[in-house]
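Subject: The structure we talked about

Hi,

Here is the structure I promised to pass on. Have a look at it first, and then read my notes below.

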Amino acid sequence: MRFFNFEELESTNDFLKNNAELFQEYDIVTARIQTKGRGRRGKVWFANEGAAIFSFLINERKDLNSYDYIKLPLIAGLATIKGLKKIENLNYMFKWTNDVYLNKKKLSGILVEKAGSNFIIGIGININNNIPIQVKNTAVSLKEITGITYSLFTVISSVVDSFSKLYDDFEKGKWKEIIEEINHMNYLKNSPTSLKIGDKYIEGIAQNINIDGEIEIFYEGKIHTFSMGEIV
Ligand code: BTN
């Protein structure tokens, strides 16, 4: 695990993507300030100074099919929770597909992208940053909850270390155990949920995340499964 720390980058994901040949697996790029942070679905990811902003790289494995990589965001979400728990043991929840919630507010977002024969795992975690007033109802930082200022290096190391352990487990065939663990922290479980797919909205009660990493939603008297979509 090597750290490459930058004062300012447009996006740690873009930097890794554009310079992938310079980096090895589990090299970590961090930025104290990120000026063009990207979220999922082309959205902007904004985080004040003090957030953990980082991306790391995973090489493609020839023996894993591309379908398996749909599971990477779920593994990254669980790794974020496990990594954080080692630092501050709070009741983090995993919100399908890629978010970590704390006290019913978003603590972390994850953006997994394919770049050539690599995968870039980009993670933003609200750690020491102040949450702007406009999003106070929906986002939270760790410091706001505990009053403690954390070492971002320690947080990031812990999360990437958890990811590498989980990824080893995944390669050893322990996906079922991983998905079970994720389901123990399933934020949406038994909640009224609205899923946006294109222009369509699915309304129902969320159930488990199934073995294929899909969310189950109960409506019209039965369970339907979805592999993509935005929870709104
Ligand atoms: C989301 O919630 O939509 C995903 C947000 C992902 C943000 C992280 S911050 C580090 C990395 N660099 C980026 O440009 N995005 C990810």
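Let's start with a turn: β9 and β10 form a hairpin with five residues between them, and G213 in that turn has a positive phi of about 80°. By strands and helices I mean DSSP runs, numbered from the N terminus (E, at least two residues, for a strand; H or I, at least four, for a helix).

Before going on, some ground rules: this is a predicted model, so local features need pLDDT of at least 70 and side-chain atom pairs count only at pLDDT 80 or more, while totals for chains, interfaces and linings use all residues. Residues are numbered from 1 along each chain as its sequence is written, and side-chain values use heavy atoms, with hydrogens and water left out.

Back to the strands. β9 and β10 (residues 215–219) pair in the antiparallel sense over three bridges; two strands count as paired if DSSP finds at least two bridges between them. A206 has I217 in β10 as its bridge partner.

β9 (residues 200–209) also runs antiparallel to β8 (residues 192–197), and six bridges join these two. S194 stands opposite E203 in β9, and I197 has K200 as its bridge partner there. β8 and β9 make a hairpin as well, with two residues between them, and G198 in the turn has a positive phi of about 60°.

Which order do the strands take in the open sheet? It is β11-β10-β9-β8-β12, five strands with antiparallel pairing. β11 (222–226) and β12 (230–231) stand at the edges with a single partner strand each, so one side of each has no neighbour in the sheet.

Now for the ligand. It is surrounded by 20 residues, and the closest are S11, Q34, R38, R40 and K106 (a residue counts as near if one of its heavy atoms lies within 4 Å). That shell divides into six nonpolar, ten polar and four charged residues. Here Ala, Val, Leu, Ile, Met, Phe, Trp, Tyr, Cys and Pro count as nonpolar, Asp, Glu, Lys and Arg as charged, and the others, Gly among them, as polar.

Where does the shell come from? α1 (12–18), β3 (52–59), β6 (105–115) and β7 (118–125) each supply at least two of its residues, and β6 gives the largest share, four residues.

There are some polar contacts to look at too (pairs of N or O atoms within 3.5 Å):

- In S11, a side-chain N or O atom is 2.7 Å from an oxygen atom of the ligand.
- In T12, a polar side-chain atom lies 3.1 Å from a nitrogen atom of the ligand.
- In R38, a backbone N or O atom lies 2.8 Å from an oxygen atom of the ligand.

Taken alone, the ligand exposes 420 Å², and the protein buries 96% of that (Shrake-Rupley method, 1.4 Å probe).

The peptide bond from W96 to T97 is cis, with omega near 5°, and T97 lies in the loop between β4 (93–95) and β5 (99–102). R41, in the loop between β2 (28–34) and β3, has a phi near 55°, a positive value in a residue other than glycine.

Cheers

Technical notes
A polar contact is a pair of N or O atoms within 3.5 Å; within protein, one must be able to donate a hydrogen and the other to accept it, and residues adjacent in sequence count only if both atoms are side-chain atoms.
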